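Dear colleague,

Here is the structure I said I would pass on to you. Please open it beside this message, and then read the notes below with it in view.

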Amino acid sequence: MASRRIENLHAAFQPLVRRFLSACKAAGHDVIITCGYRSAREQDDLYAQGRTRPGKRVTNAPGGSSWHNYGLAVDVVFLRDGKADWNGPWEEIGRIGESLGLIWGGRFKTLPDRPHFEWHPGLTLARAKELVAQGYKPTQIPIPIEGRHQDV
């Protein structure tokens, strides 16, 4: 099952996610993670939705082709009165994330994904896949030093 825990994300990404959640809170928005790390198998299941399984398409990324598969992406939702609320100021938290160096899925050209934020400085999916093929665990692939967040 996909993880909502910050501790299951890539170690280099964790401080940035904490800063993002804190910045959202400081701006008056209680935001929680709905999905962080997800396995390639879980990604394949999502990719099948709307293709070979019933339902609406929710991703264009098969297993190994999503930054979630490397612990370098999170999906979030607003929390209001203890319940998830998908209606909120997405543009505002999108700007908050971008100000911290995150890539906001709300700006994706195909299949915009407003709850999605990712971070992978100096790294391509092709390189991430190569590193996993070389034996690295997905959430432990090396992040290029120049792209590391200052809190890491």
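Histidine 120 lies in the loop between strand S5 (116-118) and helix H4 (125-133), where helices (H or I, at least four residues) and strands (E, at least two) are DSSP runs numbered from the N terminus. This is a predicted model, in which local features need pLDDT of at least 70 and side-chain atom pairs count only at pLDDT 80 or more, while totals for chains, interfaces and linings use all residues. Residues are numbered from 1 along each chain as its sequence is written, and side-chain values use heavy atoms, with hydrogens and water left out.

Histidine 120 is buried, with a relative accessible area of 15%; buried means under 20% relative accessible area, with a 1.4 Å probe and protein chains only. Leaving out residues up to four places away in sequence, histidine 120 touches Trp67, Leu72 and Ile103, where contact means heavy atoms within 4.5 Å.

Leu72 also belongs to the largest nonpolar core, which has 31 residues, and Leu72 is listed there with Phe13, Phe20, Val76 and Ile93 as touching the most other members. Such a core is a set of buried Ala, Val, Leu, Ile, Met, Phe, Trp, Tyr and Cys residues joined through side-chain atoms within 4.5 Å. The largest share of this core, 5 residues, comes from H1.

Phenylalanine 13, when its neighbours within four places in sequence are set aside, is in contact with Gly71, Leu72, Ala73, Val74, Leu102, Phe117 and Trp119.

In helix H2 (residues 40-48), the buried residues are Glu42, Gln43 and Ala48.

Best wishes

Terms used:
Buried < 20%, exposed > 50% of the residue type's maximum accessible area, 1.4 Å probe, protein only.
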